[in-house]
Amino acid sequence: MRSNAKTTRVVGARQLATFRLICWAITLWLGGWQAWSGRYAMGSDGISYLDIGDAFWKGDWGAIINGYWSPFYPCLIGGAVRLISPSPRAEFPLVHLVNFVIFCVALAAFDLLLRELSAWRQWEGNDTWPPALWMMLGYVLFLWTTLDLIDLKIVSPDLCVAVFVYLAVGLLLRLARGEASLRNRLLLGATLGFGYLAKTALLPLGLALLAVYAARCSAKCALVAAGAFALVACPFILALSFSKGAITFGESGRLNYAWYVNGVTYRHWQGETAGPARHPTRKVMEELPVYEFGHPVGGTYPLWYDPSYWYDGVRLEFDPARQTKRLFTSLKFFYGAFLNLHVKQLAESGALPRLISPALFALIFCFSIGRWRAVLTGAARAWPLFAPAVAASLMYALVYVETRHIAPFAALFFLGALGSVPVAGRSRERAAKVVVPVIAAAFVFTLIVSFSRAEAATPDWRVAEKLRQMGLPPKAKVASLKYANPAHTGWARLARARIVAEIYSGAFRADENDFWRADEAVKKRALCAFAAAGAVAVISHGMPPESYPAEWRPVGETGYFIRFLSGSEQRCVERSKG
(Lines give C-alpha, C1' and ligand atoms only; values in the text may rest on other atoms or scores of the structure.)
Protein backbone atom coordinates (compact mmCIF):
# COMPACT_ATOMS: atom_id res chain seq x y z
CA MET A 1 0.00 0.00 0.00
CA ARG A 2 2.82 2.39 0.89
CA SER A 3 4.55 1.67 -2.41
CA ASN A 4 1.35 2.31 -4.39
CA ALA A 5 0.75 5.59 -2.54
CA LYS A 6 4.32 6.70 -3.16
CA THR A 7 4.03 5.82 -6.87
CA THR A 8 0.75 7.76 -7.11
CA ARG A 9 2.39 10.82 -5.57
CA VAL A 10 5.34 10.60 -7.98
CA VAL A 11 3.02 10.27 -11.00
CA GLY A 12 0.94 13.18 -9.70
CA ALA A 13 4.05 15.33 -9.26
CA ARG A 14 5.19 14.51 -12.79
CA GLN A 15 1.80 15.38 -14.23
CA LEU A 16 1.81 18.66 -12.32
CA ALA A 17 5.31 19.45 -13.58
CA THR A 18 4.21 18.73 -17.15
CA PHE A 19 1.15 20.95 -16.68
CA ARG A 20 3.39 23.73 -15.35
CA LEU A 21 5.57 23.49 -18.47
CA ILE A 22 2.45 23.78 -20.64
CA CYS A 23 1.35 26.87 -18.69
CA TRP A 24 4.82 28.38 -19.10
CA ALA A 25 4.83 27.67 -22.85
CA ILE A 26 1.42 29.31 -23.38
CA THR A 27 2.38 32.28 -21.20
CA LEU A 28 5.71 32.86 -22.96
CA TRP A 29 4.08 32.50 -26.38
CA LEU A 30 1.42 35.10 -25.58
CA GLY A 31 3.96 37.42 -23.95
CA GLY A 32 6.30 37.12 -26.92
CA TRP A 33 3.43 37.78 -29.32
CA GLN A 34 2.46 40.98 -27.52
CA ALA A 35 6.06 42.19 -27.26
CA TRP A 36 6.65 41.54 -30.97
CA SER A 37 3.39 43.15 -32.11
CA GLY A 38 4.25 46.28 -30.13
CA ARG A 39 7.97 46.33 -30.87
CA TYR A 40 7.86 49.82 -32.39
CA ALA A 41 5.59 51.34 -29.73
CA MET A 42 7.14 54.00 -27.53
CA GLY A 43 5.67 56.68 -25.28
CA SER A 44 7.23 59.78 -23.81
CA ASP A 45 7.85 57.98 -20.49
CA GLY A 46 9.97 55.44 -22.33
CA ILE A 47 11.86 58.22 -24.11
CA SER A 48 12.76 59.80 -20.77
CA TYR A 49 13.94 56.45 -19.41
CA LEU A 50 16.07 55.91 -22.52
CA ASP A 51 17.58 59.39 -22.31
CA ILE A 52 18.45 58.93 -18.64
CA GLY A 53 19.93 55.50 -19.30
CA ASP A 54 21.98 56.85 -22.20
CA ALA A 55 23.41 59.67 -20.09
CA PHE A 56 24.24 57.28 -17.25
CA TRP A 57 26.08 54.73 -19.39
CA LYS A 58 27.98 57.48 -21.20
CA GLY A 59 29.53 58.56 -17.90
CA ASP A 60 27.05 61.10 -16.55
CA TRP A 61 26.55 59.23 -13.29
CA GLY A 62 24.36 61.96 -11.87
CA ALA A 63 21.77 61.45 -14.61
CA ILE A 64 19.99 58.78 -12.60
CA ILE A 65 19.50 61.21 -9.69
CA ASN A 66 16.21 62.34 -11.16
CA GLY A 67 13.41 63.71 -9.03
CA TYR A 68 10.64 62.07 -11.06
CA TRP A 69 11.99 58.93 -12.72
CA SER A 70 13.42 56.05 -10.68
CA PRO A 71 16.89 54.72 -11.64
CA PHE A 72 16.55 50.93 -11.94
CA TYR A 73 14.72 50.66 -15.26
CA PRO A 74 16.75 53.35 -17.12
CA CYS A 75 19.91 51.48 -16.14
CA LEU A 76 18.53 48.26 -17.66
CA ILE A 77 17.38 49.61 -21.01
CA GLY A 78 20.22 52.13 -21.26
CA GLY A 79 22.72 49.33 -20.66
CA ALA A 80 21.18 47.25 -23.45
CA VAL A 81 21.36 50.17 -25.88
CA ARG A 82 24.95 50.91 -24.86
CA LEU A 83 25.98 47.26 -25.23
CA ILE A 84 24.39 46.58 -28.60
CA SER A 85 24.39 50.08 -30.20
CA PRO A 86 21.32 49.37 -32.34
CA SER A 87 20.35 51.25 -35.49
CA PRO A 88 17.42 53.70 -35.20
CA ARG A 89 15.17 51.05 -36.67
CA ALA A 90 16.22 48.43 -34.09
CA GLU A 91 16.39 50.63 -30.97
CA PHE A 92 12.76 50.40 -29.87
CA PRO A 93 12.51 46.64 -30.65
CA LEU A 94 15.61 46.17 -28.48
CA VAL A 95 13.86 47.90 -25.58
CA HIS A 96 10.85 45.61 -26.05
CA LEU A 97 13.20 42.63 -26.05
CA VAL A 98 14.46 43.82 -22.65
CA ASN A 99 10.83 44.13 -21.57
CA PHE A 100 10.20 40.54 -22.65
CA VAL A 101 13.20 39.37 -20.63
CA ILE A 102 11.78 41.21 -17.61
CA PHE A 103 8.45 39.50 -18.38
CA CYS A 104 10.21 36.12 -18.19
CA VAL A 105 11.78 37.07 -14.85
CA ALA A 106 8.36 38.21 -13.61
CA LEU A 107 6.93 34.83 -14.63
CA ALA A 108 9.64 33.04 -12.63
CA ALA A 109 8.97 35.33 -9.65
CA PHE A 110 5.23 34.64 -9.91
CA ASP A 111 5.89 30.90 -10.10
CA LEU A 112 7.95 31.19 -6.91
CA LEU A 113 5.04 33.07 -5.31
CA LEU A 114 2.61 30.32 -6.30
CA ARG A 115 4.88 27.65 -4.82
CA GLU A 116 5.33 29.60 -1.59
CA LEU A 117 1.61 30.25 -1.41
CA SER A 118 0.81 26.55 -1.84
CA ALA A 119 3.32 25.65 0.90
CA TRP A 120 1.90 28.35 3.16
CA ARG A 121 -1.71 27.25 2.59
CA GLN A 122 -0.78 23.67 3.46
CA TRP A 123 1.01 24.96 6.57
CA GLU A 124 -2.14 26.91 7.47
CA GLY A 125 -4.30 23.86 6.82
CA ASN A 126 -6.19 25.69 4.06
CA ASP A 127 -5.25 23.75 0.92
CA THR A 128 -8.66 23.78 -0.75
CA TRP A 129 -8.04 23.87 -4.50
CA PRO A 130 -6.87 20.89 -6.56
CA PRO A 131 -3.24 21.68 -7.53
CA ALA A 132 -3.79 21.76 -11.31
CA LEU A 133 -6.80 24.09 -11.05
CA TRP A 134 -4.97 26.35 -8.62
CA MET A 135 -2.03 26.55 -11.01
CA MET A 136 -4.35 27.30 -13.93
CA LEU A 137 -6.00 30.14 -12.02
CA GLY A 138 -2.62 31.50 -11.04
CA TYR A 139 -1.29 31.67 -14.58
CA VAL A 140 -4.54 33.21 -15.84
CA LEU A 141 -4.06 35.92 -13.22
CA PHE A 142 -0.48 36.44 -14.32
CA LEU A 143 -1.44 36.72 -17.98
CA TRP A 144 -4.26 39.11 -17.23
CA THR A 145 -2.27 41.42 -14.97
CA THR A 146 0.84 41.54 -17.18
CA LEU A 147 -0.53 41.43 -20.73
CA ASP A 148 -3.73 43.39 -20.17
CA LEU A 149 -3.28 45.59 -17.11
CA ILE A 150 0.43 46.35 -17.65
CA ASP A 151 0.81 45.60 -21.39
CA LEU A 152 4.23 44.77 -22.82
CA LYS A 153 3.76 47.38 -25.54
CA ILE A 154 4.13 50.11 -22.89
CA VAL A 155 7.71 50.95 -22.00
CA SER A 156 7.61 51.46 -18.25
CA PRO A 157 9.11 49.97 -15.07
CA ASP A 158 5.83 48.35 -14.02
CA LEU A 159 7.01 44.87 -15.00
CA CYS A 160 10.06 45.42 -12.78
CA VAL A 161 7.68 46.40 -9.99
CA ALA A 162 5.76 43.16 -10.54
CA VAL A 163 9.00 41.17 -10.22
CA PHE A 164 9.87 42.74 -6.87
CA VAL A 165 6.30 42.58 -5.53
CA TYR A 166 5.99 38.86 -6.31
CA LEU A 167 9.42 38.11 -4.85
CA ALA A 168 8.73 40.17 -1.72
CA VAL A 169 5.36 38.56 -1.02
CA GLY A 170 6.79 35.10 -1.72
CA LEU A 171 9.55 35.75 0.83
CA LEU A 172 6.99 37.17 3.25
CA LEU A 173 4.97 33.96 3.01
CA ARG A 174 8.13 31.96 3.65
CA LEU A 175 8.88 34.02 6.75
CA ALA A 176 5.26 33.86 7.92
CA ARG A 177 5.32 30.07 8.01
CA GLY A 178 8.39 30.05 10.23
CA GLU A 179 11.37 29.98 7.86
CA ALA A 180 12.75 33.20 9.34
CA SER A 181 16.43 32.63 8.63
CA LEU A 182 18.75 35.64 8.44
CA ARG A 183 19.13 35.04 4.71
CA ASN A 184 15.37 35.21 4.10
CA ARG A 185 15.01 38.36 6.19
CA LEU A 186 17.85 40.09 4.35
CA LEU A 187 16.44 38.98 1.00
CA LEU A 188 13.04 40.46 1.85
CA GLY A 189 14.54 43.81 2.77
CA ALA A 190 16.83 43.93 -0.26
CA THR A 191 13.95 43.00 -2.57
CA LEU A 192 11.83 45.85 -1.22
CA GLY A 193 14.82 48.19 -1.55
CA PHE A 194 15.37 47.35 -5.20
CA GLY A 195 11.61 47.66 -5.70
CA TYR A 196 11.88 51.26 -4.49
CA LEU A 197 14.70 51.86 -6.99
CA ALA A 198 12.31 50.58 -9.67
CA LYS A 199 9.43 52.83 -8.59
CA THR A 200 9.13 55.39 -5.81
CA ALA A 201 5.73 54.10 -4.69
CA LEU A 202 7.30 50.91 -3.35
CA LEU A 203 9.03 52.81 -0.54
CA PRO A 204 5.85 53.59 1.44
CA LEU A 205 4.31 50.28 0.39
CA GLY A 206 7.40 48.37 1.49
CA LEU A 207 7.43 50.10 4.87
CA ALA A 208 3.72 49.37 5.30
CA LEU A 209 4.32 45.71 4.47
CA LEU A 210 7.12 45.45 7.02
CA ALA A 211 4.93 47.14 9.64
CA VAL A 212 2.15 44.59 9.07
CA TYR A 213 4.67 41.75 9.25
CA ALA A 214 6.05 43.14 12.52
CA ALA A 215 2.54 43.35 13.98
CA ARG A 216 1.44 39.88 12.84
CA CYS A 217 4.64 37.86 13.19
CA SER A 218 7.95 39.19 14.50
CA ALA A 219 9.12 42.75 15.11
CA LYS A 220 12.71 41.50 15.37
CA CYS A 221 12.62 39.85 11.93
CA ALA A 222 10.95 42.93 10.44
CA LEU A 223 13.69 45.13 11.90
CA VAL A 224 16.41 43.07 10.21
CA ALA A 225 14.54 43.26 6.90
CA ALA A 226 14.10 47.02 7.36
CA GLY A 227 17.86 47.35 7.83
CA ALA A 228 18.53 45.61 4.50
CA PHE A 229 15.83 47.78 2.93
CA ALA A 230 17.59 50.92 4.19
CA LEU A 231 21.02 49.76 2.96
CA VAL A 232 19.70 49.48 -0.59
CA ALA A 233 17.43 52.53 -0.62
CA CYS A 234 19.29 55.12 1.47
CA PRO A 235 22.19 55.89 -0.92
CA PHE A 236 19.75 56.99 -3.59
CA ILE A 237 17.57 58.88 -1.09
CA LEU A 238 20.62 60.76 0.22
CA ALA A 239 21.87 61.60 -3.28
CA LEU A 240 18.42 62.77 -4.37
CA SER A 241 17.90 64.83 -1.22
CA PHE A 242 21.28 66.48 -1.70
CA SER A 243 20.42 67.23 -5.33
CA LYS A 244 17.08 68.80 -4.41
CA GLY A 245 18.31 70.63 -1.32
CA ALA A 246 15.65 69.02 0.86
CA ILE A 247 14.87 65.58 2.27
CA THR A 248 12.96 63.60 -0.35
CA PHE A 249 12.66 60.03 -1.59
CA GLY A 250 11.11 61.11 -4.91
CA GLU A 251 8.91 63.84 -6.32
CA SER A 252 6.54 61.76 -8.45
CA GLY A 253 3.96 61.43 -5.68
CA ARG A 254 4.04 65.17 -4.94
CA LEU A 255 3.65 66.13 -8.58
CA ASN A 256 0.82 63.72 -9.24
CA TYR A 257 -0.97 64.99 -6.15
CA ALA A 258 -0.49 68.56 -7.39
CA TRP A 259 -1.83 67.69 -10.87
CA TYR A 260 -4.67 65.33 -10.06
CA VAL A 261 -5.86 66.49 -6.65
CA ASN A 262 -4.86 70.14 -6.27
CA GLY A 263 -5.59 70.93 -9.91
CA VAL A 264 -2.23 72.56 -10.65
CA THR A 265 -1.65 73.19 -14.37
CA TYR A 266 -0.72 69.85 -15.92
CA ARG A 267 2.09 71.27 -18.08
CA HIS A 268 3.85 74.63 -18.38
CA TRP A 269 3.06 75.71 -14.84
CA GLN A 270 3.93 79.36 -14.42
CA GLY A 271 3.17 79.62 -10.71
CA GLU A 272 -0.42 80.82 -11.24
CA THR A 273 -1.52 78.71 -8.26
CA ALA A 274 0.37 76.80 -5.56
CA GLY A 275 3.48 78.84 -6.43
CA PRO A 276 5.87 80.47 -6.78
CA ALA A 277 7.44 78.61 -9.71
CA ARG A 278 11.23 78.67 -9.38
CA HIS A 279 12.03 77.21 -12.81
CA PRO A 280 9.01 77.67 -15.06
CA THR A 281 9.08 77.06 -18.78
CA ARG A 282 9.27 80.33 -20.67
CA LYS A 283 6.11 81.65 -22.33
CA VAL A 284 7.44 83.61 -25.29
CA MET A 285 4.20 84.59 -27.02
CA GLU A 286 0.73 85.64 -25.91
CA GLU A 287 -1.45 85.51 -29.07
CA LEU A 288 -0.56 81.83 -29.34
CA PRO A 289 0.55 79.93 -26.22
CA VAL A 290 4.15 79.33 -27.33
CA TYR A 291 6.49 77.95 -24.67
CA GLU A 292 10.25 77.45 -24.82
CA PHE A 293 12.11 74.95 -22.59
CA GLY A 294 15.36 74.07 -24.34
CA HIS A 295 17.63 74.62 -21.32
CA PRO A 296 19.00 73.84 -18.77
CA VAL A 297 17.38 70.39 -18.69
CA GLY A 298 18.61 67.85 -21.25
CA GLY A 299 16.94 64.98 -23.04
CA THR A 300 14.91 64.56 -26.21
CA TYR A 301 11.96 66.38 -24.64
CA PRO A 302 13.31 68.45 -21.71
CA LEU A 303 9.82 69.17 -20.42
CA TRP A 304 9.40 65.49 -19.52
CA TYR A 305 13.04 64.55 -18.83
CA ASP A 306 12.74 65.79 -15.23
CA PRO A 307 9.33 67.32 -14.49
CA SER A 308 10.39 67.99 -10.89
CA TYR A 309 12.72 70.74 -12.15
CA TRP A 310 9.95 72.65 -13.91
CA TYR A 311 7.64 72.26 -10.87
CA ASP A 312 10.20 73.24 -8.27
CA GLY A 313 8.37 75.40 -5.72
CA VAL A 314 4.91 73.86 -6.07
CA ARG A 315 3.02 73.73 -2.78
CA LEU A 316 0.55 71.01 -1.91
CA GLU A 317 -2.71 71.75 -0.14
CA PHE A 318 -5.16 69.34 1.41
CA ASP A 319 -8.64 70.17 0.19
CA PRO A 320 -11.33 67.76 1.51
CA ALA A 321 -13.66 68.48 -1.41
CA ARG A 322 -10.98 67.88 -4.05
CA GLN A 323 -9.74 64.78 -2.23
CA THR A 324 -13.26 63.35 -2.05
CA LYS A 325 -13.76 64.03 -5.75
CA ARG A 326 -10.51 62.22 -6.55
CA LEU A 327 -11.59 59.22 -4.47
CA PHE A 328 -14.90 59.01 -6.35
CA THR A 329 -12.99 59.25 -9.64
CA SER A 330 -10.76 56.38 -8.49
CA LEU A 331 -13.79 54.30 -7.48
CA LYS A 332 -15.26 54.75 -10.97
CA PHE A 333 -11.91 53.71 -12.38
CA PHE A 334 -11.85 50.54 -10.26
CA TYR A 335 -15.36 49.72 -11.42
CA GLY A 336 -14.41 50.17 -15.06
CA ALA A 337 -11.25 48.10 -14.69
CA PHE A 338 -12.56 45.23 -12.57
CA LEU A 339 -16.37 45.09 -12.64
CA ASN A 340 -17.34 46.44 -16.06
CA LEU A 341 -19.85 44.12 -17.75
CA HIS A 342 -20.47 46.28 -20.82
CA VAL A 343 -19.29 43.67 -23.31
CA LYS A 344 -19.94 45.81 -26.38
CA GLN A 345 -18.02 48.73 -24.89
CA LEU A 346 -15.10 46.48 -23.96
CA ALA A 347 -15.09 44.87 -27.41
CA GLU A 348 -15.01 48.24 -29.17
CA SER A 349 -12.13 49.43 -27.00
CA GLY A 350 -10.18 46.19 -27.40
CA ALA A 351 -10.39 45.51 -23.65
CA LEU A 352 -12.23 42.17 -23.86
CA PRO A 353 -9.68 40.43 -21.56
CA ARG A 354 -11.01 42.53 -18.68
CA LEU A 355 -14.09 40.33 -18.59
CA ILE A 356 -11.89 37.92 -16.62
CA SER A 357 -12.30 40.05 -13.51
CA PRO A 358 -16.13 39.83 -13.31
CA ALA A 359 -15.83 36.11 -14.10
CA LEU A 360 -13.45 35.61 -11.15
CA PHE A 361 -15.70 37.61 -8.84
CA ALA A 362 -18.63 35.45 -9.92
CA LEU A 363 -16.57 32.30 -9.31
CA ILE A 364 -15.62 33.47 -5.82
CA PHE A 365 -19.21 34.40 -4.99
CA CYS A 366 -20.74 31.14 -6.24
CA PHE A 367 -18.25 28.93 -4.39
CA SER A 368 -18.65 30.99 -1.21
CA ILE A 369 -22.43 30.54 -0.90
CA GLY A 370 -23.22 28.77 2.33
CA ARG A 371 -19.60 28.90 3.52
CA TRP A 372 -19.18 32.59 4.34
CA ARG A 373 -17.64 31.99 7.76
CA ALA A 374 -14.98 29.73 6.28
CA VAL A 375 -14.31 32.29 3.55
CA LEU A 376 -13.83 35.10 6.08
CA THR A 377 -11.55 32.90 8.18
CA GLY A 378 -9.47 32.06 5.11
CA ALA A 379 -9.31 35.74 4.10
CA ALA A 380 -8.04 36.69 7.56
CA ARG A 381 -5.27 34.11 7.20
CA ALA A 382 -4.33 35.50 3.76
CA TRP A 383 -3.05 38.82 5.17
CA PRO A 384 0.32 38.61 3.33
CA LEU A 385 -1.66 38.91 0.09
CA PHE A 386 -4.41 41.31 1.09
CA ALA A 387 -2.24 43.78 3.04
CA PRO A 388 -0.11 44.97 0.09
CA ALA A 389 -3.10 44.82 -2.28
CA VAL A 390 -5.28 47.03 -0.08
CA ALA A 391 -2.43 49.41 0.81
CA ALA A 392 -1.47 49.93 -2.85
CA SER A 393 -5.06 50.41 -3.99
CA LEU A 394 -5.73 52.99 -1.28
CA MET A 395 -2.47 54.85 -1.92
CA TYR A 396 -3.09 55.16 -5.65
CA ALA A 397 -6.80 55.91 -5.19
CA LEU A 398 -5.92 58.98 -3.12
CA VAL A 399 -3.81 60.45 -5.94
CA TYR A 400 -3.99 58.86 -9.39
CA VAL A 401 -4.37 55.30 -10.58
CA GLU A 402 -3.86 53.38 -13.82
CA THR A 403 -4.26 49.65 -14.32
CA ARG A 404 -0.50 49.18 -14.75
CA HIS A 405 0.09 50.75 -11.33
CA ILE A 406 -1.95 48.17 -9.45
CA ALA A 407 -1.56 45.14 -11.72
CA PRO A 408 0.60 42.95 -9.42
CA PHE A 409 -1.54 43.96 -6.43
CA ALA A 410 -4.68 42.90 -8.31
CA ALA A 411 -3.05 39.49 -8.78
CA LEU A 412 -2.34 39.33 -5.03
CA PHE A 413 -5.92 40.29 -4.20
CA PHE A 414 -7.44 37.58 -6.40
CA LEU A 415 -4.95 34.98 -5.19
CA GLY A 416 -5.99 35.80 -1.64
CA ALA A 417 -9.71 35.79 -2.46
CA LEU A 418 -9.59 32.57 -4.48
CA GLY A 419 -7.41 30.89 -1.87
CA SER A 420 -10.00 31.71 0.79
CA VAL A 421 -12.80 29.92 -1.08
CA PRO A 422 -13.56 26.40 0.17
CA VAL A 423 -13.66 23.91 -2.70
CA ALA A 424 -13.63 20.74 -0.61
CA GLY A 425 -16.33 18.22 -1.42
CA ARG A 426 -17.06 16.16 -4.52
CA SER A 427 -19.71 18.43 -6.00
CA ARG A 428 -17.59 21.55 -5.56
CA GLU A 429 -14.47 19.92 -6.99
CA ARG A 430 -16.42 18.65 -10.00
CA ALA A 431 -17.87 22.10 -10.60
CA ALA A 432 -14.42 23.68 -10.28
CA LYS A 433 -12.97 21.19 -12.78
CA VAL A 434 -15.51 22.39 -15.33
CA VAL A 435 -15.76 26.11 -14.54
CA VAL A 436 -12.06 26.97 -14.16
CA PRO A 437 -10.91 25.52 -17.54
CA VAL A 438 -13.84 27.28 -19.25
CA ILE A 439 -12.83 30.62 -17.69
CA ALA A 440 -9.18 30.06 -18.61
CA ALA A 441 -9.98 29.09 -22.22
CA ALA A 442 -12.37 32.03 -22.65
CA PHE A 443 -9.77 34.42 -21.28
CA VAL A 444 -6.98 33.17 -23.55
CA PHE A 445 -9.38 33.44 -26.50
CA THR A 446 -10.29 37.06 -25.71
CA LEU A 447 -6.59 37.82 -25.26
CA ILE A 448 -5.80 36.43 -28.72
CA VAL A 449 -8.69 38.40 -30.24
CA SER A 450 -7.42 41.54 -28.55
CA PHE A 451 -3.89 41.02 -29.90
CA SER A 452 -5.20 40.33 -33.41
CA ARG A 453 -7.06 43.65 -33.48
CA ALA A 454 -3.96 45.74 -32.76
CA GLU A 455 -3.67 48.61 -35.24
CA ALA A 456 -0.29 49.34 -36.80
CA ALA A 457 0.91 52.93 -36.57
CA THR A 458 3.65 54.53 -38.63
CA PRO A 459 6.93 53.44 -36.99
CA ASP A 460 8.91 56.34 -35.56
CA TRP A 461 12.06 55.14 -37.30
CA ARG A 462 10.45 55.81 -40.68
CA VAL A 463 9.78 59.42 -39.70
CA ALA A 464 13.31 59.81 -38.34
CA GLU A 465 14.81 58.27 -41.50
CA LYS A 466 12.81 60.55 -43.82
CA LEU A 467 13.73 63.64 -41.81
CA ARG A 468 17.41 62.72 -42.04
CA GLN A 469 17.03 62.38 -45.81
CA MET A 470 15.34 65.80 -45.92
CA GLY A 471 18.32 67.41 -44.22
CA LEU A 472 17.48 67.48 -40.51
CA PRO A 473 20.89 67.12 -38.81
CA PRO A 474 21.60 65.16 -35.60
CA LYS A 475 21.18 67.20 -32.41
CA ALA A 476 18.84 69.54 -34.29
CA LYS A 477 16.45 71.62 -32.19
CA VAL A 478 12.84 71.47 -33.36
CA ALA A 479 9.48 72.95 -32.39
CA SER A 480 5.95 71.53 -32.40
CA LEU A 481 2.60 73.08 -33.32
CA LYS A 482 0.94 71.25 -30.42
CA TYR A 483 1.77 69.52 -27.16
CA ALA A 484 4.65 67.35 -28.36
CA ASN A 485 3.95 64.50 -25.97
CA PRO A 486 3.52 61.88 -27.39
CA ALA A 487 3.21 62.84 -31.08
CA HIS A 488 6.86 63.79 -31.62
CA THR A 489 8.99 62.28 -28.86
CA GLY A 490 9.52 58.87 -30.51
CA TRP A 491 10.90 59.98 -33.86
CA ALA A 492 12.82 62.83 -32.19
CA ARG A 493 14.66 60.31 -30.03
CA LEU A 494 15.60 58.17 -33.05
CA ALA A 495 16.62 61.19 -35.10
CA ARG A 496 18.62 62.43 -32.09
CA ALA A 497 16.72 65.72 -32.28
CA ARG A 498 15.60 67.87 -29.32
CA ILE A 499 12.15 69.39 -28.94
CA VAL A 500 12.75 72.83 -27.45
CA ALA A 501 9.47 74.70 -27.99
CA GLU A 502 5.79 74.03 -28.61
CA ILE A 503 2.35 75.57 -28.85
CA TYR A 504 0.53 74.28 -25.79
CA SER A 505 -3.24 74.53 -26.06
CA GLY A 506 -3.85 71.69 -23.61
CA ALA A 507 -2.47 68.31 -22.68
CA PHE A 508 -5.38 66.48 -24.28
CA ARG A 509 -5.70 68.55 -27.45
CA ALA A 510 -4.62 66.42 -30.41
CA ASP A 511 -5.17 69.09 -33.09
CA GLU A 512 -3.02 72.01 -34.25
CA ASN A 513 -5.89 74.33 -35.08
CA ASP A 514 -4.73 77.22 -32.90
CA PHE A 515 -1.84 77.74 -35.29
CA TRP A 516 -3.65 77.09 -38.57
CA ARG A 517 -6.63 79.30 -37.70
CA ALA A 518 -4.46 82.25 -36.67
CA ASP A 519 -3.94 85.09 -39.14
CA GLU A 520 -0.72 85.28 -41.11
CA ALA A 521 0.89 87.94 -38.91
CA VAL A 522 0.39 85.79 -35.79
CA LYS A 523 1.77 82.74 -37.59
CA LYS A 524 4.88 84.66 -38.58
CA ARG A 525 5.43 85.82 -35.00
CA ALA A 526 5.04 82.23 -33.79
CA LEU A 527 7.66 81.04 -36.29
CA CYS A 528 9.97 83.83 -35.16
CA ALA A 529 9.43 82.73 -31.55
CA PHE A 530 10.39 79.17 -32.48
CA ALA A 531 13.52 80.42 -34.22
CA ALA A 532 14.40 82.54 -31.18
CA ALA A 533 14.19 79.38 -29.06
CA GLY A 534 16.89 77.86 -31.24
CA ALA A 535 14.66 75.63 -33.37
CA VAL A 536 15.81 75.01 -36.93
CA ALA A 537 12.52 73.42 -37.99
CA VAL A 538 8.86 73.14 -37.02
CA ILE A 539 7.08 69.80 -37.13
CA SER A 540 3.39 69.24 -37.81
CA HIS A 541 1.57 65.97 -37.24
CA GLY A 542 -1.04 66.26 -39.93
CA MET A 543 -2.17 69.28 -41.90
CA PRO A 544 -5.50 71.07 -42.37
CA PRO A 545 -7.76 69.66 -45.09
CA GLU A 546 -7.12 72.60 -47.46
CA SER A 547 -3.98 72.75 -49.55
CA TYR A 548 -0.91 73.47 -47.46
CA PRO A 549 1.67 76.23 -48.02
CA ALA A 550 4.67 75.33 -50.14
CA GLU A 551 7.05 75.90 -47.20
CA TRP A 552 5.55 72.88 -45.44
CA ARG A 553 7.00 69.72 -46.91
CA PRO A 554 5.49 66.25 -46.36
CA VAL A 555 7.75 63.80 -44.55
CA GLY A 556 7.25 60.96 -47.01
CA GLU A 557 3.97 59.12 -46.47
CA THR A 558 4.17 59.33 -42.68
CA GLY A 559 1.52 62.03 -42.16
CA TYR A 560 4.11 64.43 -40.73
CA PHE A 561 5.12 67.75 -42.27
CA ILE A 562 8.20 69.90 -41.69
CA ARG A 563 8.97 73.56 -42.21
CA PHE A 564 12.62 74.54 -41.99
CA LEU A 565 13.12 77.90 -40.33
CA SER A 566 15.35 80.14 -42.38
CA GLY A 567 15.46 83.49 -44.06
CA SER A 568 12.81 85.79 -42.64
CA GLU A 569 12.44 83.89 -39.33
CA GLN A 570 16.17 84.01 -38.65
CA ARG A 571 16.35 87.69 -39.65
CA CYS A 572 13.54 88.57 -37.24
CA VAL A 573 15.55 86.91 -34.46
CA GLU A 574 18.62 88.91 -35.40
CA ARG A 575 16.59 92.13 -35.41
CA SER A 576 15.17 91.34 -31.96
CA LYS A 577 18.69 90.77 -30.64
CA GLY A 578 19.90 93.98 -32.23
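The following legends describe an overall view and several close-up views of a predicted model.

**Figure 1. Overall view of the chain.** The chain contains 24 helices and 7 strands. Along its principal axes, the C-alpha trace spans about 100 × 50 × 50 Å. The radius of gyration is 26 Å, which agrees with the value near 25 Å that a compact globule of 578 residues would have. Of the 578 residues, 53% count as buried. The accessible surface comes to about 25,800 Å², and 62% of this surface belongs to carbon and sulfur atoms.

Figure 2. An open sheet is formed by 7 strands with mixed pairing, in the order β1-β2-β4-β3-β5-β7-β6. Its edge strands, β1 (282-285) and β6 (553-554), each pair on one side only. Helix α23 (residues 520-532) packs on the sheet, where it touches β1, β2, β3 (477-480), β4 (498-503), β5 (537-541) and β7 (560-564). The direction of helix α23 makes about 140° with that of β1. Strands β1 and β2 (residues 290-292) run antiparallel and are joined by 3 bridges. Within this pair, Glu292 in β2 is the bridge partner of Arg282.

**Figure 3. Surroundings of Thr300.** Thr300 is found in the loop between β2 and α11 (302-305). Its relative accessibility is 5%, so Thr300 counts as buried. Beyond residues up to four places away in sequence, Thr300 touches several others, including Ile47, Asp51, Thr489, Arg493 and Ile499.

**Figure 4. The salt bridge between Arg493 and Asp51.** The closest N and O atoms of Arg493 and Asp51 are 2.9 Å apart. Arg493 lies in helix α21 (residues 489-494) and Asp51 in helix α2 (residues 44-57), so the pair ties together parts that are 442 residues apart in sequence. Both residues are buried, and both are among those touched by Thr300.

Figure 5. Asp111 forms a salt bridge with Arg20, with the closest N and O atoms 3.0 Å apart. Because Asp111 lies in helix α4 (residues 88-124) and Arg20 in helix α1 (residues 2-37), the pair ties together parts that are 91 residues apart in sequence. Asp111 is buried, with a relative accessible area of 7%, and Arg20 also counts as buried, at 18% relative accessibility. In a further salt bridge, the side chains of Arg177 and Glu116 meet at 2.6 Å, N to O. Arg177 lies in the loop between α6 (158-176) and α7 (182-198), and Glu116 in helix α4, so this pair ties together parts that are 61 residues apart in sequence. Both Arg177 and Glu116 are buried.

Terms used: Residues numbered from 1 in each chain as written. Predicted model: local features only at pLDDT ≥ 70, side-chain atom pairs only at ≥ 80, totals over all residues. Heavy atoms only, no water. Pairing = 2+ DSSP bridges. Helix = DSSP H or I, 4+ residues; strand = E, 2+ residues; numbered from the N terminus. Contact = heavy atoms within 4.5 Å. Axes fitted to C-alpha atoms, helices over the stretch in contact; angles between N-to-C directions. Rg over C-alpha atoms; globule rule 2.2 N^0.38 Å. Buried < 20%, exposed > 50% of the residue type's maximum accessible area, 1.4 Å probe, protein only. Areas by Shrake-Rupley, 256 points an atom, 1.4 Å probe, with all protein chains shown as cover. Salt bridge = Lys/Arg side-chain N within 4 Å of Asp/Glu carboxyl O.
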